[in-house]
Amino acid sequence: MEEYRVLLADDEEEIRSGISRKIDWAALGFALVGEAGNGEEALELAEQLRPDVVLTDIKMPFLDGLELCRRLRVSLPGARLVVFSGFDDFEYARQAMSLGVSEYILKPINAPELIQVLEKLREQLERQRLERRDMETLRRRYEESLPVLRELFYTRLLSGQLRPERVQDRAARYEIDLPQGLWTAALVHVDGPGDEGERDELLLLSVQSFLEKHFVLAGCAARVVLYGDMAALLVHLDREERLYPLLEELERLSRLSQSYLGLRLTTGVGLPCQGPEELNRSAAGARSALDYRVLAGGGRVIYIGDLEPQPAAAPSFEEEDQRDLSAAVKLGTPEQTEAVVRELMERLRQAGLSLGKCDLFLLEVVTCLVRITRSGGLPVEEVFGEGFTGAVSVSSFSSLNSTPILPPVICPRIAFAVAVSFGTIVRIIWCGMPSWLNAAFKMS
């Protein structure tokens, strides 16, 4: 074990020599690294040798022991100080203790007493060393964990899991600078294969690195973090007029990612907010904007502030529409069925429905298909699969050409292909189903 370092200061050489000879320093776990004949010399040596223990006389020329202790409290706050004096003076002892002196010994000094003091100091120093090592271990572990803690902080900030009054304290703890002012959140969704499954971590990391490297916009500072199966940008704007240049920069990055990474990035952008404490509201808007990617198309930037569904717009699924769809499914070809549904979808595109009203329209379409199935004398479960409820929401889709997230319970007699069109409204095409249903109706 490393020995503790001792500095001895006394203006009487005989006393220094006696202490040096009579103490078995190594056996006690100490090493006498220096001796000084006056206070100034002791102070100079202490600054050079950085001792763990300083033994000093009170009365010394140039700089007395009390003044030496006073200065060492500043330059060596962790050192143990032992003062000895030939004066049985309470005032000296009181002053020494006020300076944080560990022990006060009266002269003449005897070896057993000094050994007892050194053993006591060694125990204190060992406890201090252990505590310091524990603290260093904790500090190292904390520093190693900082990246994870920061990611968790950003996730909780965007999800609204932090109380506003605690945001800045937590940010300071994790050494994150979150200035006040205008902020907005952007969520980046990776389009392409595997939309319906979990994002590959390496893929998301490459997107994060790409955004960090290529995002450049004067007056804006962006933090890019992973957020669930997306990348999130926390953007600080120096003024509100920077918002639309930000959208243009995100559009540029979306185009650039296709050539650099071979990936289509769809970005939802929330409304600006006042202060980082409100970023969860902006993130909620960004998530809502991403829900519209099936309407707007993938590989682009969607700003929630530009999406203004018309409250009064509510085209219904009329009786004529039901007749057309029924005739196409029962008697027509797959191409005729698709044409009918495409016409419905185009009408909805022009109407600018909200996502909620798209859901209602979809329910009417699916209800019509269920009626067609029943009118042909076919069990609904056989056509649509066990557990079919008729509910399909916008969260089931990621693009205009994707398949919805449905349980694999489709009837094996039917090639049931579903592709999304404009939000929650789907283009349902049964490959070969019209002729199959046609046969069923002829048999009935």
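This is a predicted model: local features need pLDDT of at least 70, side-chain atom pairs count only at pLDDT 80 or more; totals for chains, interfaces and linings use all residues.
Helices here are DSSP runs of at least four residues, numbered from the N terminus.

The protein contains 16 helices and 13 strands. Of its 444 residues, 46% are buried. The contact pattern is worth a look too: taking contacts between residues at least 6 apart in sequence, 67% join residues at least 24 apart.

Glu318, Glu319, Glu320, Asp324 and Glu364 together form a negative surface patch. Which helix gives this patch its largest share? That is helix H12, spanning residues 319–331, which supplies 3 residues. Glu319 is part of helix H12, and because its relative accessibility is 59%, Glu319 counts as exposed, the cut-off for that label being over 50%.

Is Arg16 buried or exposed? Its relative accessibility is 13%, so Arg16 counts as buried, since that label applies under 20%. And what does Arg16 touch? Leaving aside residues up to four places away in sequence, Arg16 is in contact with Leu8, Asp10, Asp11, Glu35, Ala36 and Gly37. Among these partners are the acidic residues Asp10, Asp11 and Glu35.

Conventions:
Residues are numbered from 1 along each chain as its sequence is written. Side-chain values use heavy atoms; hydrogens and water are left out. Helices (H or I, at least four residues) and strands (E, at least two) are DSSP runs, numbered from the N terminus. Buried means under 20% relative accessible area, exposed over 50%, partly exposed in between (1.4 Å probe, protein chains only). Contact means heavy atoms within 4.5 Å. Patches are made of residues with over 30% relative accessible area and no salt bridge: like charges are joined within 9 Å, nonpolar side chains (Val, Leu, Ile, Met, Phe, Trp, Tyr) within 5 Å. Accessible areas come from the Shrake-Rupley method with a 1.4 Å probe; for residues, only the protein chains shown count as cover. A salt bridge is a side-chain nitrogen of Lys or Arg within 4 Å of a carboxyl oxygen of Asp or Glu. The place of a charge is taken as NZ of Lys, CZ of Arg, CG of Asp or CD of Glu.
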